[in-house]
Amino acid sequence: MLERNQFPLRPVVPGFAVAWVVIISGASVALSLLFACVTPFVALAAVSAVILPRPIAVTAVLLAWLANQMVGYLVLGYPETWDSYAWGLAIGIAAFASLAAALGVLRLAADLTVTMAGAFMAGFVAYEGVLFAATAMLPSGEGAFSASVVANVLLINSIAAIGLICLHAGAAGGRALVARPPGPALS
């Protein structure tokens with residue numbers, strides 16, 4: 001199990017934080033292609049919040065959202081209409097709301113597992129809340145927030161979060177990319 005002092009991730013290898021941003025952005029592209037309209041921004045935001053310094057987590061979420069939009073419009077052929085652009089913006093706002101909620105959980109002193117679970121749950125509620133609020137102004141289908149759709153979004157985000165955590169745990173387990181815990185103070 002990872003120790004709390006390994007989070008936020010302190011890079012040993014120069015540029016690893018940048019590499020993590022590239023991993024998050026790459027995951028966003030791959031997951032956008034795989035799931036189209038259900039890119040797991042909650043997972044990307046929650047994991048970034050827990051393992052990256054705040055400014056780099058913001059950069060990771062921004063690049064993930066930009067990559068998602070590029071894939072959507074350039075590869076998947078999203079319609080170029082005002083409501084499509086507005087939904088893209090709403091998704092970006094929701095992704096940042098998810099990150100903000102996840103970062104807020106980090107203030108609580110808790111076990112690493114509880115912190116990660118809390119960051120994920122807070123991020124999910126914030127993300128879905130922003131998107132639900134957007135339906136007051138933007139057109140959406142009647143079933144967009146049905147229990148089965150929300151459960152599917154939760155499942156995809158959960159699987160993505162587990163994958164990202166495993167990726168980080170593998171790197172941390174090898175101690176190749178995570179700073180060593182501080183040694184005992186000399187007396």
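**Exercise 1.** Which residues form one aromatic cluster with Tyr73?

Solution. The model is predicted: local features need pLDDT of at least 70, side-chain atom pairs count only at pLDDT 80 or more, and totals for chains, interfaces and linings use all residues. Residues are numbered from 1 along each chain as its sequence is written, and side-chain values use heavy atoms, without hydrogens and water.

- Apply the ring rule: rings of Phe, Tyr and Trp (its six-membered ring) pair if their centres lie within 6.5 Å.
- The cluster consists of Tyr73, Tyr78 and Tyr85.

**Exercise 2.** Classify the pair Phe41 and Tyr127.

Solution.

- Planes under 30 degrees apart are stacked, over 60 edge-to-face, the rest tilted.
- The rule gives four aromatic pairs.
- For Phe41 and Tyr127, the centres are 6.4 Å apart and the planes at 40°, so this pair is tilted.
- Phe41 sits in helix α2 (residues 41-51) and Tyr127 in helix α5 (residues 112-134), 86 residues apart. Helices are DSSP runs (H or I, at least four residues), numbered from the N terminus.
- Phe41 and Tyr127 are buried, meaning under 20% relative accessible area with a 1.4 Å probe, protein chains only.

**Exercise 3.** Classify the pair Tyr73 and Tyr78.

Solution.

- The ring centres of Tyr73 and Tyr78 lie 5.5 Å apart, with planes at 75°, so the pair is edge-to-face.
- Tyr73 and Tyr78 are both buried.

**Exercise 4.** Describe how α3 packs on α4.

Solution.

- Helix α3 (residues 54-75) and helix α4 (residues 82-105) pack at about 155°, axes 10 Å apart. Axes are lines fitted to C-alpha atoms over the stretch in contact, and angles run from 0 to 180 degrees between N-to-C directions.
- Therefore α3 is roughly antiparallel to α4 (angles over 145 degrees).

Key:
Helix = DSSP H or I, 4+ residues; strand = E, 2+ residues; numbered from the N terminus. Buried < 20%, exposed > 50% of the residue type's maximum accessible area, 1.4 Å probe, protein only. Parallel < 35°, antiparallel > 145°, perpendicular 65-115°, else oblique.
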